[in-house]
Amino acid sequence: MGCFTFIKLMMGLFNLLISLGGLTLLAMGIWVSVDGGSFLQLLGPFSSQGMQFVNVGFFCIAIGAVLVLLGLLGCCGAHKESKCLLLTFFSIILIIFIAEVAAGVVALAYSSFAEGILRAWATPALQRDYGSDPVVTKIWNATMTELGCCGFTNYTDFVGSKFEKESGGSLPPSCCRTDSAPCSRDEAERSTVQGCFKNILETLKEQANVVGGIAAGIGVLEIAAMIVSMYLYCHLDNRVS
């Protein structure tokens, strides 16, 4: 097997991996866009700043779809030994790579304000909307039940809230170890159930690490594919002669 044939096979492998990476990025973008709306409900009226994360999800969908098509384009270019297709493939991959780097910088910049948003704004939204907004109430009940926590900080987030006033002084059942209604302030204080803040923040960081790892892997594949495609492009004339 000659060197040129081996490079063509490598090109096909890289394009297959790029297509798979595109499908992964596409699925990840759909997941972020769908589940991101639920997270933004927790932030109440201040969710507009968090929309940047959902916008990144739409960006992932677009890039993922383009990567799948580019994988097919690269395979065609290598198989047909077309300099035009190879150059087009290289140029588009380069543009996408630069866009991904820019998106990564934006994501890192906005991740720094996540903790501040959760602490400063989510608790007031919780006191105001929990019990009155069905969507917020359902999301919070599911979150507190799944994570075994109460409010953001602890049960005090519900003290003086609209929910406590309307329920005759009772707090959500998750704030008491007995996990049953009614849950009074005294019982919640004795139960010492921790708040959801640390769990939510840790979950967000874990998801961000997954997204970052996938993006880094795809970036390495893109660099390798650009190198291989440019090698084929430069050596096609020698191949013909």
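Trainee: Which cysteine forms a disulfide with cysteine 149, and how far apart are their sulfur atoms?

Mentor: In this predicted model, cysteine 149 is bonded to cysteine 196, with their sulfur atoms 1.9 Å apart. The torsion about this S-S bond is about 95°, so the disulfide is right-handed. Cysteine 149 sits in the loop between α5 and α6, and cysteine 196 in the loop between α7 and α8, so the bond ties together parts that are 47 residues apart in sequence. Both ends are shielded: cysteine 149 counts as buried because its relative accessibility is 0%, and cysteine 196 is buried at 0% likewise.

This bond belongs to a set, as a search of the whole structure finds three disulfides. Cysteine 150 pairs with cysteine 175, their sulfur atoms 1.8 Å apart. That pair links the loop between α5 and α6 to the loop between α6 and α7, across 25 residues. Cysteine 150 is buried at 0% relative accessible area, and cysteine 175 is buried at 1%.

The remaining disulfide joins cysteine 176 to cysteine 183, at an S to S distance of 1.8 Å. With a torsion of about 80°, this disulfide is right-handed. Cysteine 176 is buried at 3% relative accessibility, and cysteine 183 is buried at 0%. Counting bonded cysteines along the chain, the pattern is 1-6, 2-3, 4-5.

For contrast, cysteine 84 counts as exposed because its relative accessibility is 56%, while cysteine 234 is partly exposed at 45%.

Technical notes
Residues numbered from 1 in each chain as written. Predicted model: local features only at pLDDT ≥ 70, side-chain atom pairs only at ≥ 80, totals over all residues. Heavy atoms only, no water. Disulfide = S-S within 2.5 Å. Helix = DSSP H or I, 4+ residues; strand = E, 2+ residues; numbered from the N terminus. Buried < 20%, exposed > 50% of the residue type's maximum accessible area, 1.4 Å probe, protein only.
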